[in-house]
Amino acid sequence: MLNYQSILSEIESEVNYLKGVGNVAAYIPELANVSQDHFGISLILLNGENHNVGQTHQKFSIQSISKVFSLALAFSIQGEKLWRRVGVEPSGNPFNSIVQLEYEKGIPRNPFVNAGALVTADILVSSYDHPKKEFLEFVRSFCGDNSIDFNEKVAQSEFDCGWKNAALANMLKSHGNLKNTIDEVLDFYVHQCSIEMTCLQLAQSFLPFANQNCEINGEVVLTKSELKRINAIMLSCGFYDESGEFAFSVGLPGKSGVGGGIAAIHPLHYAVATWSPRLNEKGNSVIGMKALELLTTKTGISIF
């Protein structure tokens, strides 16, 4: 049996040389205020056994990792109709690129680029009288922790500086792929991105994707087939135009966020979350990417 605690301790030691490499996402001013060289990693097995090293109890903004939850909720509401409004192909472009969206006539390439997440946000705004409240409760149910909440300062900071997201929303609106007002959709979107979690909470919230079973209060929210599809999109699109590199070097479905977090799963084995705020040029955590590469190398197992 693998000694995951020992493996995580080795990883913590081996990624130390990367401290100071990369930059925080200062284009969202509130994210520039975090301690830049923190690192934490939490791994939870399907039986609930968990292993942790580093700053695993410090909350951080999950940012685009939240797109997995908004996709899951929108998919549970829309079913196959969802794919009429958003695709499932890797983008090969930066996460906030407007060029591809214009070229493809307002249909985002996948749900994890910003344009695609704005479409799923629009679906949720249309589906609920209080969409932010309903979404937050959905995320809390995945984690089983009612302390999870929005960070209003981060949300406001992102709204105030979100000119490219506003441009994407306007482009979507011009093609008829945004039904609500732009401000309503952007307000929901920045709030979902502002959700704060610890590594331990984030790993816990990804367990339904790992065990391919998503029930809330005894009710099936997503079928096994739907969960497998979300996992497939995480593998192919979860790291923007570095998704191929992550699949190649790590070999797990996962999702990153510019807050420095990464969540990943090994189906039917575990969920894992890392956090380290300094990002590479593609917007992914420098230390987090290396830590997960070392995890699958040292355990000798991935999905391939």
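Modeller: A residue is called buried under 20% relative accessible area, exposed over 50%, and partly exposed in between. Please keep in mind that this is a predicted model.

Biologist: Is Ile77 buried, exposed or partly exposed?

Modeller: The relative accessible area of Ile77 is 34%, so Ile77 is partly exposed. Ile77 belongs to helix α2.

Biologist: Which residues does Ile77 touch, leaving aside those up to four places away in sequence?

Modeller: With that exclusion, Ile77 touches Leu124, Ser127 and Tyr128. As a separate reading of distance, the C-alpha atoms of Ile77 and His191 are separated by 20 Å, and these two residues are 114 residues apart along the chain.

Biologist: How should I read a pair of helices, and at what angle do the axes of α5 and α8 cross?

Modeller: One compares the directions of the two axes; angles under 35 degrees count as roughly parallel. Helix α5 (residues 131-143) and α8 have axes that come within 10 Å and cross at roughly 25°. The two helices are therefore roughly parallel to each other, and their crossing is right-handed. Pro131, Lys132 and Phe135 of α5 make the contact with Asp187, Phe188, His191 and Gln192 of α8. By class, three residues of this contact are nonpolar, two are polar and two are charged.

Biologist: At what angle do the axes of α7 and α8 cross?

Modeller: The axes of helix α7 (residues 163-174) and helix α8 (residues 182-194) cross at roughly 135° and come within 10 Å. Helices α7 and α8 are therefore oblique to each other. The crossing of α7 and α8 is right-handed.

Biologist: Which residues of α7 and α8 meet?

Modeller: From α7, Asn165, Ala166, Ala169, Asn170 and Lys173 meet Ile182, Leu186 and Tyr189 in α8. The residues of this contact divide into five nonpolar, two polar and one charged.

Biologist: What is a salt bridge, and how many does a search of the whole structure find?

Modeller: One looks for a side-chain nitrogen of Lys or Arg within 4 Å of a carboxyl oxygen of Asp or Glu. The search finds 10 salt bridges. One of them joins the side chains of Lys298 and Glu10, at 3.1 Å from N to O. This pair links distant parts of the chain, for Lys298 is in helix α13 (residues 286-299) and Glu10 in helix α1 (residues 4-14), 288 residues apart. Lys298 counts as partly exposed at 27% relative accessibility, and Glu10 counts as partly exposed at 36%.

Biologist: Where do Arg278 and Asp37 lie?

Modeller: Arg278 forms a salt bridge with Asp37, with the closest N and O atoms 2.8 Å apart. Arg278 lies in the loop between β9 (270-275) and α13, and Asp37 in the loop between α1 and β1 (40-45), so the pair ties together parts that are 241 residues apart in sequence. Arg278 counts as buried, at 15% relative accessibility, whereas Asp37 is partly exposed, at 33%.

Biologist: Are Arg85 and Asp122 buried or exposed?

Modeller: Both are buried. The side chains of Arg85 and Asp122 meet in a salt bridge of 2.8 Å, N to O. Arg85 lies in the loop between α2 (66-78) and α3 (99-103) and Asp122 in helix α4 (residues 114-127), so the pair ties together parts 37 residues apart in sequence.

Biologist: Which residues do salt bridges that share partners join into one network?

Modeller: That network consists of Glu10, Glu14 and Lys298.

Notes:
Residues are numbered from 1 along each chain as its sequence is written. This is a predicted model: local features need pLDDT of at least 70, side-chain atom pairs count only at pLDDT 80 or more; totals for chains, interfaces and linings use all residues. Side-chain values use heavy atoms; hydrogens and water are left out. Axes are lines fitted to C-alpha atoms, for helices over the stretch in contact, and angles run from 0 to 180 degrees between N-to-C directions. Helices (H or I, at least four residues) and strands (E, at least two) are DSSP runs, numbered from the N terminus. Angles under 35 degrees count as roughly parallel, over 145 as roughly antiparallel, 65 to 115 as roughly perpendicular and the rest as oblique. A crossing is left-handed if the near helix is turned anticlockwise from the far one by less than a right angle, and right-handed if clockwise. Contact means heavy atoms within 4.5 Å. Ala, Val, Leu, Ile, Met, Phe, Trp, Tyr, Cys and Pro count as nonpolar, Asp, Glu, Lys and Arg as charged, and the others, Gly among them, as polar. Buried means under 20% relative accessible area, exposed over 50%, partly exposed in between (1.4 Å probe, protein chains only).
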